[in-house]
Amino acid sequence: MTLQSPAPPVPSASAVTPGPVRLPVALVLSVLSGLALLVSFPPYGLWWLGPAGVALLAVAAHRRRLRGGAGIGMVTGLVFFLPLLAWTNLNTGWLPWVLLSVAQAAFLALLGWAGAWVSPLLDRWPAVWPLVCGLLWTAQEALRDRQPFGGFPWGRLAFGQADGPLVRLAVLGGAPLVTFAAAAAGGALAGLWWCRGRGLRRVAAGAGFAAAAVLIVAGPAAVPVAQAGAQRATVAIVQGNVPRLGLDFNAQRRAVLDNHVRGTRELAQQVAAGRAPRPDLVVWPENSSDIDPLRNADAAQQIGAAAQEIGVPILVGAVLRGDVPGEIRNAGILWRPGTGPDMDQLYVKRHPVPFAEYMPLRPVARLVSDKVDLVKTMVAGSRPGVVRTGPVTVGDVICFEVAYDGIVRDTVTGGAQVLAVQTNNATFDVAEARQQLAMVRLRAVEHGRQALMVSTVGVSGFVDTSGVVHQATGFNAAAVVVGEMRLGGPATLATRLGRWPELAAAAAALALLVLAAPGRLRRRRTDIDDKLATEER
């Protein structure tokens with residue numbers, strides 16, 4: 001009888017391909033990822049940590065099982081969104097804040113799942129790390145910006161890049177391109193992690209990834225921003241302030257209106273004395289008149305007197321009551337001296353905030369809290385916020401609408417020469433105000449339009465087409481600022497392309513998931529075979 005030695009075992013794919021980082025390390029990386037993303041946003045402003053946050057999450061999720069990747073993403077999302085959105089907790093309690101943060105974190109859980117899913121693709125072609133991360137992040141934000149209830153784009157990667165060179169890419173492809181570039185830089189850093197080690201090929205690959213990360217981040221500094229038009233107009237913004245911060249600013253509505261009337265009249269006195277230039281337009285913030293001036297004669301008289309004294313139109317942020325009890329409209333209305341409200345130049349907010357300005361699923365929400373009935377029904381407008389004042393055509397955007405690409409773009413394609421963001425930060429804090437101002441800065445670059453943000457309590461200021469803020473006011477203080485704005489300018493590539501770059505990125509991300517499916521299924525079969533072989537032994 002001939003004895004035959006057993007054939008050497010054939011190494012499985014799982015033996016050839018190293019596994020993911022150990023779970024304790026992955027959890028630490030996911031926490032660090034959330035923290036890095038957080039401090040890339042105002043008020044911290046460490047923009048360069050945005051790509052680092054992307055890289056840490058990508059490294060932690062790579063090669064994990066799908067549930068593990070989703071869990072890692074959820075940890076990152078909670079660490080990021082809970083403190084980022086803490087301003088929602090200041091006056092409404094902890095429950096809405098936690099629910100909103102968890103809902104937003106779920107999208108990063110989906111991103112972690114996708115990162116785990118495409119692992120075989122990245123292991124086979126490591127050079128595509130930057131492309132894959134850029135596409136997955138852009139697609140995740142495209143979904144989060146729209147769902148549920150119209151989406152909530154706060155915390156988009158692009159909005160943390162206002163102080164860095166990547167913001168200049170907005171002129172070419174808007175916020176989606178900025179997000180793609182920041183995430184691609186993070187993907188290059190993640191590739192650098194996974195190719196570390198000895199050997200000439202690994203050293204060359206590492207050098208390539210390092211160079212790619214530097215080029216992606218620093219290269220956009222050479223991208224020229226759009227130049228505004230030569231025509232100019234002088235615009236005044238009035239930050240009237242409120243007696244007390246908090247939700248009860250509504251109970252102080254007459255005092256708030258009086259503050260803005262007083263600020264405008266004081267400016268008129270300075271103009272008459274030659275201490276300030278006469279503006280072509282005065283802009284008041286959102287909720288500067290929570291008393292409906294179309295129905296309240298006293299409020300109308302006060303606004304009319306201020307307009308008459310300053311001698312130019314005032315764009316008033318007003319809350320207008322509807323014909324149906326409980327219905328309101330959040331509007332910007334042009335008030336002309338002598339003739340009063342110009343109903344042809346009335347903009348009604350198109351995207352009310354769910355659960356704050358209207359209550360979706362009210363019967364279900366009432367099971368959670370009976371306070372849902374305190375939320376009135378804000379009726380959405382249907383027309384873009386193009387307000388023609390005479391001297392200047394304004395692209396009016398109200399509060400959180402600045403986060404939505406299409407709402408801002410519609411004003412520019414409709415003829416806006418400058419962008420004006422009317423907002424009320426009295427229920428929030430300075431962190432929220434600065435996060436919102438960062439969005440205004442990106443929009444100015446994106447559309448090549450000078451912009452302003454005017455708030456009841458701050459921060460207010462002017463922004464040029466390179467995203468630089470001028471004459472910024474303080475927070476929780478009364479202020480009147482007069483600035484000269486350049487009007488119009490050529491349409492940027494981002495304005496002309498609209499949502500197509502984002503749709504293309506989302507479609508490409510879906511294609512990546514499909515391409516990764518065979519490799520993922522092979523890995524699953526290999527894992528099952530290895531488990532059975534282990535049990536037989």
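Modeller: Before we start, a polar contact here is a pair of N or O atoms within 3.5 Å; within protein, one must be able to donate a hydrogen and the other to accept it, and residues adjacent in sequence count only if both atoms are side-chain atoms. This is a predicted model, in which local features need pLDDT of at least 70 and side-chain atom pairs count only at pLDDT 80 or more, while totals for chains, interfaces and linings use all residues. Residues are numbered from 1 along each chain as its sequence is written, and side-chain values use heavy atoms, with hydrogens and water left out.

Biologist: OK, which backbone oxygen does the side chain of Gln-471 reach?

Modeller: The side chain of Gln-471 comes to 3.0 Å from the backbone oxygen of Val-482. These two residues are eleven apart in sequence, and their C-alpha atoms are 8.6 Å apart in space.

Biologist: And where does Gln-471 lie?

Modeller: Gln-471 sits in the loop between β12 (469-470) and β13 (479-486), where helices (H or I, at least four residues) and strands (E, at least two) are DSSP runs numbered from the N terminus. With neighbours within four places in sequence set aside, Gln-471 is in contact with Ser-460, Gly-461, Phe-462, Val-481, Val-482 and Gly-483, contact being heavy atoms within 4.5 Å.

Biologist: Is Gln-471 buried or exposed, or something in between?

Modeller: Gln-471 counts as partly exposed because its relative accessible area is 44%, given that buried means under 20%, exposed over 50%, and partly exposed in between (1.4 Å probe, protein chains only).

Biologist: Switching to charges: how many salt bridges does the structure hold?

Modeller: There are 16 salt bridges in the structure, each one a side-chain nitrogen of Lys or Arg within 4 Å of a carboxyl oxygen of Asp or Glu. One of them pairs Arg-63 with Asp-123, with the closest N and O atoms 2.8 Å apart. That pair links distant parts of the chain, since Arg-63 is in the loop between α3 and α4 (66-84) and Asp-123 is in helix α6 (residues 119-124), 60 residues apart.

Biologist: What does Arg-156 pair with?

Modeller: Arg-156 forms a salt bridge with Glu-141, where the closest N and O atoms are 3.8 Å apart. Arg-156 lies in the loop between α7 and α8 and Glu-141 in helix α7, so this pair ties together parts that are 15 residues apart in sequence. Arg-156 also meets Asp-405 in a salt bridge, at 2.8 Å from N to O. Here the partners are in distant parts of the chain, Asp-405 being in helix α13, 249 residues from Arg-156. Both Arg-156 and Asp-405 are buried, and through shared partners the salt bridges join Glu-141, Asp-145, Arg-156, Asp-405, Arg-443 and Glu-446 into one network.

Biologist: How many disulfides turn up?

Modeller: A search of the whole structure finds zero disulfides, a disulfide being a pair of cysteine sulfur atoms within 2.5 Å. As for individual cysteines, Cys-195 counts as buried because its relative accessibility is 10%, and Cys-399 counts as buried at 5%.

Biologist: What is the phi of Cys-399?

Modeller: Cys-399 has a positive phi of about 55° although it is not a glycine, and it is placed in the loop between β8 (393-398) and α13 (405-413). Asn-241, also not a glycine, has a positive phi of about 70° and lies in the loop between β1 (232-239) and α10 (253-272).

Biologist: Last one: how far does helix α11 reach?

Modeller: Helix α11 (residues 297-310) has 14 residues and spans 20 Å from its first C-alpha to its last, close to the expected 20 Å, which is 1.5 Å times one less than its number of residues. At its start, a side-chain oxygen of Asn-296 reaches to within 3.0 Å of the backbone nitrogen of Asp-298, and just after the helix, Gly-311 takes a positive phi of about 80°. Its buried residues include Ala-299, Gln-302, Ile-303 and Ile-310, and what covers the buried residues of α11 includes α10, β2 (281-283), β3 (314-321) and β4 (327-336).
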